[in-house]
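Work through the exercises below with the sequence and the structure side by side. Try each task before you read its solution.

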Amino acid sequence: MSSFSGFVRKEVYHVLRDRQTLFILLVMPLVQVLLFGFAVRTDVRAIGAVVVDPTPSVATRRLAARFAASDRYEFQGVVPTLDAVEGRFRDASLRQAIVLPREAERLLREPEPLAIQLVTDAADPNMGSIMQSYASAIVRQWHAEAAGGGAGVRIDMATRMRYNPTLESVNLFVPGLIALILTIISAMMTAISITREKETGTMEMLLVSPLRPVQVVVGKVAPYVALGFVDVLLVLGAARTVFHMPLRGSVVLLLAECLLFIVTSLALGIVISTRAETQRTAMIAALAGLLMPTLMLSGFIFPLDSLPAPLQAISQLVPARWFLLIVRGIMVKGAGLATLWQETLVLLALTVLLLVAGARRLAIRLD
C-alpha cells in the first residue's frame, strides 16, 4: 500500500505541475457550458406574427396585445384576412398567423367551442413545433381570461407542456453538456495519460515496481476522478447561477450518478489506451469514438425516437444515453432512485463491463 500511495501521489503531482493543462481542464468546462448555454439554443425569438381578425373587438384586441407584449414575438399587427399576408409568409418575414373566426367576441359567450387556427411556417419542423407551442400557450391564457364569464366555453386546442412550460432550451442542453464534458475530459485524459507511459518508455519502469497492474490503473485514473468531480461542480454551479436551471431532485443522488459516470468515462479511456500506441492516436480515438456517439446517439441533440432502428439499437450501448435520462430526470422532473433505478443499473453494468475489459487487456499488455 505504501508503494501504491506513493504512485498515486506521483500522479497527483504530475497533474498539478502541468498548470497549463490543469487550467484548461478546469476552465474549459465552464467556458463550454457558458458558450453552449448562450449560443446553442432551441429557443425561437423575434417571431414575426399577426392576428387575423375579420371583426375586431375589445376581447380580440387583448389577444393581439398579449402577442405584442411577448418577448418571443415581433408582432406585426391585426389583419382582416390570411390572404393579405400570404407574401410575407413566402419571404419569411412572417412566421405565424393566429386566425380568429368572425364575431369571436360573441362566440366567447356561446356554448359552442371557439375554433382558432394557428398557421405556422414549418419549413424548419423543429422550429415550427416550438412556435406552435408558444402561440398555443398565449391563446389559452387569453381564452381563460376572456371567456371567464361564459360557462362551458371551449376552444379546439389541446396542448399541455410539463416540466419545462417556458420551453427554455438550457434545461435540454446542460445535462447533455455534463455528459459531453465528462466523456471527453475523463476518457481522453485517461487514455492519453496511460498511452504516454507506453510512448515514453516509462511503462517498463512500472513493470519492475512492486505495483500490480490493477494498482497502476487505479493510480493513473484517481486524479482524474477528482478533477472530473470538480468539473461537475463547476458546470452545475454555472447552470444554477447563470441560467437558473431548476434542480428539483436530490443533490446527493445527482452527484452520486455523476461520480458513476466519471468512472464510466475513465473506463472508456482505459479501453482506448489498450489499443492506442501513441498519444496522438489516443486523442483521435477519444474524440472520434466518443464525441460523435455522445452528440448524436445519446439524445443530447436529436430525439432518440427519430433515429432509425439500427441506430436506436446501437444507442443502447452509449453510456451517455443513460446518463442523460438520469440527469434530466433528477434536475428537471425531480425523479428519485425509485424512478431511475433501471437507468442506473444499466449504467452500472456498462461501467463494470468496461472496467473489466479495460483492466484485463491492460494487465495482459503489462504482463
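**Exercise 1.** Determine whether Phe261 is buried or exposed, and then do likewise for Phe323.

*Solution.* Begin with Phe261, whose relative accessible area is 1%; since buried means under 20% relative accessible area, exposed over 50% and partly exposed in between (1.4 Å probe, protein chains only), Phe261 is buried. Phe323 has a relative accessible area of 0% and is therefore buried. Bear in mind that this is a predicted model, in which local features need pLDDT of at least 70 and side-chain atom pairs count only at pLDDT 80 or more, while totals for chains, interfaces and linings use all residues. Residues are numbered from 1 along each chain as its sequence is written, and side-chain values use heavy atoms, with hydrogens and water left out.

**Exercise 2.** Describe how the rings of Phe261 and Phe323 are arranged, and say which helices they belong to.

*Solution.* A pair of aromatic rings is described by the distance of the centres and the angle of the planes. For Phe261 and Phe323 these are 4.2 Å centre to centre and 10° between the planes, which makes the aromatic pair stacked (rings of Phe, Tyr and Trp, the last by its six-membered ring, pair if their centres lie within 6.5 Å; planes under 30 degrees apart count as stacked, over 60 as edge-to-face and the rest as tilted).

**Exercise 3.** Find how the axes of helix 10 and helix 13 are oriented, and sort the residues of their contact.

*Solution.* The two axes come within 10 Å and cross at roughly 170° (axes are lines fitted to C-alpha atoms over the stretch in contact, and angles run from 0 to 180 degrees between N-to-C directions). Because angles over 145 degrees count as roughly antiparallel, under 35 as roughly parallel, 65 to 115 as roughly perpendicular and the rest as oblique, helix 10 and helix 13 are roughly antiparallel to each other. The contact (heavy atoms within 4.5 Å) includes Glu257 and Thr264 of helix 10 and Ile326 of helix 13. Its residues divide into 12 nonpolar, one polar and one charged (Ala, Val, Leu, Ile, Met, Phe, Trp, Tyr, Cys and Pro count as nonpolar, Asp, Glu, Lys and Arg as charged, and the others, Gly among them, as polar).

Terms used:
Helix = DSSP H or I, 4+ residues; strand = E, 2+ residues; numbered from the N terminus.
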